[in-house]
Structure formats: structure tokens, C-alpha cells
Amino acid sequence: METTSPVERLLRGVALTLVVVFFMFPIVWIFLMSFQTNETILRIPPSVVFSPTLENYAALITGKLQTASGTLDIAFMRNLGNSVLLSVASVAVALLLGVPAAYAFARHKFKGSEDIAFTLLSFRFAPPLLVLLPLTQYFQWLGLSNTYFGLIWIYQLICLPLILWIVRGYFEDISADVEYAYRIAGHSWFSTFRKIALPLAGPGIAAAGLLAFIFAWNNFVFALVLASADKQPVTVGALAFVTASGIQYGQIAAAIVLSITPTLALALYAQRYLVEGLSLGAVKG
Amino acid sequence: MNATALSIENVDKFYGPVDHGVHAVKQLNMDVMKGEIIALLGSSGCGKTSTLRMIAGFEPVSRGTISVAGRQVQTLAPVRRNVAMAFEGYSLYPPLTVRENIAFALKAAKLSQNVVEEKVASIAKLLEIEDILGRYPSSISGGQQQRASLGRALIREADLHLLDEPMGQLEPQLRAVLRGRIKHYIKERGLTAILVTHDQTEANALADRIAVMEGGVLQQFDTPQMIKERPANLFTGTFVGEPPMNVFEASVSGTEGRVAFGLEDGIRLEYPAADFSHAVRDALMKRKNVVLGIRPYSVRRSADGVTGRVAVNQWLGDQTHIAADFAGGTMVLVEHDRTNLEIGQPIGIRLDPGSLHVFDSESGMAISHGEELA
């Protein structure tokens, strides 16, 4: 354990505080906004003193948005449900397909394996807008537009490469000889995959799954184009707050708080895996 | 007892496409009898580990057949070959304790709990790891992990035990003790073991026969004594033995009644023809150039010998290593007593014909050992 002088510790504390404040301030501010009305939010100069109201949350939950020009129906809770459904299902499918694939890419070098793996990765760096137009056409022909099935499928563009590449790095970190030792002691490769490789790569798989979940949750453009109101996630649903009579800042803030809560909770819960998994998997992968 | 435990026939190993990839093992043929301990000895990249992994089934065989206990296994999965293996990288299962790791392979054999415990205890005693049986692999040293891994392999009843550098991480004292115990354990149970090592002391101490490999080719497969006394070629001659064999290029000339070797710097070694058998003389006279080899232990000092100049004189506590500039190269001598030779001092060197190994200068194959034909 290295020893540090009190001055050094103090400076380090100050630096850390600055970083935390810098990154956390927007979230704190939005949290505060979510308990205010549009009037108190927009007053100049801004102030942290206000009488809190639960109106914004109530409006979101009941789906009735009060604006200057009347009451608007919004589907926020439905959007939230869609987000959960789409993200969870996409990650589940991506794990189911991606983990065995990652294992195959890590353990077996076959003709073109690197090319296939790289092609899958390239989905991540092609701008989505590039493929959206043709995709829309295909989806209409196939009858997939505005279906959960179609969205989960297209979300694989986000989740699958991520899981594949992070988990692959993790499998590569496991000594192949540990698996050989298990196999030579009388086990098939499949039980080796299940009993040795999967548990040892567990943290990496958890981290990759979590990251894929966050990316899927934050996706905007696919759902905007390929789904209509009843299938849209919160990211797209939030557009409804930009109304003819102005922007409902309070409700937007409340909606943001509600929609980042699940990912934030997940991330906090799995923080340990996330750091461990990303530093090991991503650096190597 | 004389059944063949392992038979390797015409085996080739390519990494990459067959005939175009890296040719790691070339036309390997080898038979191992039941109860034998065999060492695959060679430097890194010589094909010894590839050979072991092909036997275990972790690397596909590009060509040829491998039979274990009379069954062809080259296409079988590792689980169906009935071989046990200790890995160079230990490869213990991290979530299991040392005890569970060792007992692990016995679980499949469905032995009673008592028998398993007894066996684990006895192997742990043998390997001196009784005190760490309850620990996890991540909390013990490399040497302890290696012993645990060795225990996991030796405890099994398999047709073949494959040991990949099984003692590389152990301290020298422990290594010497364990070598003896492990050999006894293997012999007592009539197990057949194939050991991969780059340590010739280990190979000599453990193995009944040593397979020397280089460049994917089996150079010689014989008892430790034969490999030392009758190396089949220049590679085996210089690779096995410590310090290594002295070698010098020489031209052969013979007159009636004399055999002479001309070395660099005008050095000439002359022997009466009677020092070599007829066959050796004939073989030598057919050639113009040969390579002479002599082991450092066999080089003698003598006032009427050829002259060299002392370059190094090291007392190692129990023997002296003298290196002399000689014939454009270095001649190493080993003596048992301390000597007070000064650096630069000329010494007379005598090479007895009975200790000379002569190799063909082109093929490197041995022509003669002492007075006999190779």
C-alpha cells in the first residue's frame, strides 16, 4: 500500500469532487426540475428554492399532459414498457446468439472467421442513418415494420457486435488448457463450455449484457423510423413533450428521471462486473 | 507386459493447410511399450508439445495414425482416448480447491468416497502438497499449482499419462526428490508416461528412453546411455550433454598405417590406423571432410598433445571447466580438480581416438564412435 501525504490526499479529494460535480450536475439539475412547474423552471435568474410538486409525475403516469392549449394524451408509461420489453428481449437474444458465437470465434480459427467477426463489428461503426432507408423498405415488404419482432431484430445491430466482441476477449483470456484438462478428464466440449468457459467468463458476459442493455435503451433512430407510437420506446416518446404550445420542461425532466432510473439502477448494481469486464474484455478484444 | 501402449505411425502435423502450412511434426514414427517412461526432449518449437497434444487429442493429426493400447485414436475426441495429462500451465479449475481439483478426474470413474480420499491423500503426500489441499489455485504458488496439476494427472488410471514440462516451476532441491518419487510411483503401478521436457537432466533421470526432436523430426529414440555414447547425428551429439560436445571441422587424410585429421590453424591429429576398425577406416577414407566431436569430459591434457591457449578457467565447486582457443574455435575440458592455469597460457590437449565421434560434414550423420562404426 503506498502512503500519501495529507496534502496529496486533500488535493486528490478536491479533484475528485470537481469531476463528480461536473458529471453529476446535469442529472441533479434535471432531478430538481422534475419537481417544478414550467414557470419556476423558466424564471430568471434560476434558483434552487421552490415548492416541489408531483404534478409532472402524475401527468406522466396518468398520461394526461396539461398544456396552455388544453389536455394532451401521452403514452409515456407505454413507451417505458416498450423500452423495457425491447431492451430486455434484444439483450436476451443477443446473449443467446452472441455468447456461443464469441466462444467459437475465440476458440476456433476457421477460414474467414476473422472476416466474419470484423463484419459483425462493422455494424457498430456504420452510421445507422446509412442503412435506415433501405431497411424501411425491406421492413415494409417483409411486414416487419412496427412489430416488436422487427425492432428486436434490428436492435441486434446494436447488441450483438458489442456482446460478441467483449465476450470473445473474455473467452480468449481463459487458458484453453483449463478446458482441455476438463475435456481429457472425461467431458464433452459442450459440457466444458457450460461448466468451465461460461462460469469463468461470467463477469465479462454480465458486463457486456449490461452495456448492450444501455445501448439498446438509449437507441433513438431505429425506433423513430421503424415503429409507430404504440411500439416506440421512451427515447422516441419524449418527442411528444415538444408541443404546439411550448416545451414541457417539467414533464421532460420527470420523464428523463423515470427513464434513466432502470439503467442507472442496473449499472450501480453491476458496477463491479462492469469495470472488471470492460477493462479486461474491451482492451484485449 | 510387452504390449504396445502407444504407436505413432507416419504422423505429420501442419499448422495451417496440409502441405502448405507450418510443418511442425514430420513423418514421426514411434512405439512405446506398456510400463515405459519416455521423454520427448528438444528445444522450443521442435514439435515435442505438438506431438503430445496430438496424442491427447487437442490438435488434429494432419496425416498418419496414433494408436493407444491398440486402438486407433487420432479421430476420437479427447474424452474417449483414456489418457491423462498434466499441463505446462497447470490449468487447475479456479473455482475448485486443490483437493477437488485432484479428485475431480476420479469422480467420473465413480469410486467410493473413501477410496477417493485415500488416493488423494497418498498422492498429496507424494508431492508434498498435503497442507494446501483446502486452498484455491489462485492462493498458492506456481510450484504448488504445478504439483497439484501433476497430482491430478497421476491419480488417474489411464492407458497413457502425458506430462508436459511437469517440473519446470519447482525448486531444484524439490525437483530432484520428486523425480525419484514420481518415477517410483509410475513404475510401481506399471503406468506408461510420455514426458515433454527441454531439461536433459530431467529426461535422463526419469526416462527409460529419450526421443530427441528437432525441427519437427525425430533425431534419435534410444536409452539415455546410448544417446550419450552413440549420438546418431551431430544435432543429438551437441544437444545432449552438459557442457555440450566440442565439434571441429576436419579434413581426412590417410597414409599406410596412419589416419590424420587436419583442423583449422594447421592443427593435425594423427593416429595409428590400428586405433580404428577396418570399417571405420574405409568409411573415413571415402570422405574428404568430416566433423570431429569429443565430449568435454573426455578431453585430456598432455604435454605432447596439440596446443591450445587457455581462455577461461572456472572452478565450479566440484569441477573445473577450462575453455581453450583451439583450431579456430573453442575446446572445453572438464576436470575434477582445481587447476591454476593462467588465461593465455598454452596447454597441450590430447584427444583419444576411443573418445572421438566422427560425423559426416554434409548430412551430419554419425560415421563412427571411437573405434566402431556408428
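I began with Q156(A), which sits in helix 7 (residues 148–173) of chain A. Helices here are DSSP runs of H or I with at least four residues, strands are runs of E with at least two, and both are numbered from the N terminus.

The model is predicted: local features need pLDDT of at least 70, side-chain atom pairs count only at pLDDT 80 or more, and totals for chains, interfaces and linings use all residues. Residues are numbered from 1 along each chain as its sequence is written, chains are lettered from A and ligands numbered from 1 in the order in which they are written, and side-chain values use heavy atoms, leaving out hydrogens and water.

**Q156(A)**
I checked burial next. Q156(A) counts as buried, at 9% relative accessibility. Buried means under 20% relative accessible area, exposed over 50%, partly exposed in between (1.4 Å probe, protein chains only). I then listed contacts (heavy atoms within 4.5 Å). Outside four places in sequence, Q156(A) is in contact with S90(A), V93(A), A94(A) and P161(A). I also noted L97(A), 59 residues away along the chain; its C-alpha atom is 9.8 Å from that of Q156(A).

**Helix 13, chain A**
I compared length with expectation, taken as 1.5 Å times one less than the number of residues. The 21 residues of helix 13 (residues 249–269) should span 30 Å, and the end C-alpha atoms are 30 Å apart, which agrees. Where does helix 13 kink? I found a kink of about 35 degrees at T261(A), shortly before the proline P262(A). The bend is the angle between axes fitted to the seven residues ending at a residue and the seven starting there. Buried residues of this helix include G250(A), Q251(A), V257(A) and T263(A).

**Sheet, chain B**
I traced an open, mixed sheet of 6 strands in the order 6-7-8-3-9-10. Strand 6 (83–86) and strand 10 (217–222) stand at the edges with a single partner strand each, so one side of each has no neighbour in the sheet. Strands pair if DSSP finds at least two bridges between them. Strand 3 (residues 37–41) and strand 8 (residues 193–197) of chain B pair in the parallel sense over 5 bridges. There, I37(B) stands opposite A193(B).

**E36(B)**
I moved to the loop between strand 2 (22–33) and strand 3 of chain B, where E36(B) lies. E36(B) is buried, with a relative accessible area of 14%. What does its side chain make a polar contact with? The partner is the side chain of R209(B), at 2.7 Å. A polar contact is a pair of N or O atoms within 3.5 Å; within protein, one must be able to donate a hydrogen and the other to accept it, and residues adjacent in sequence count only if both atoms are side-chain atoms. The backbone nitrogen of M33(B) lies 2.8 Å from a polar atom of the E36(B) side chain.
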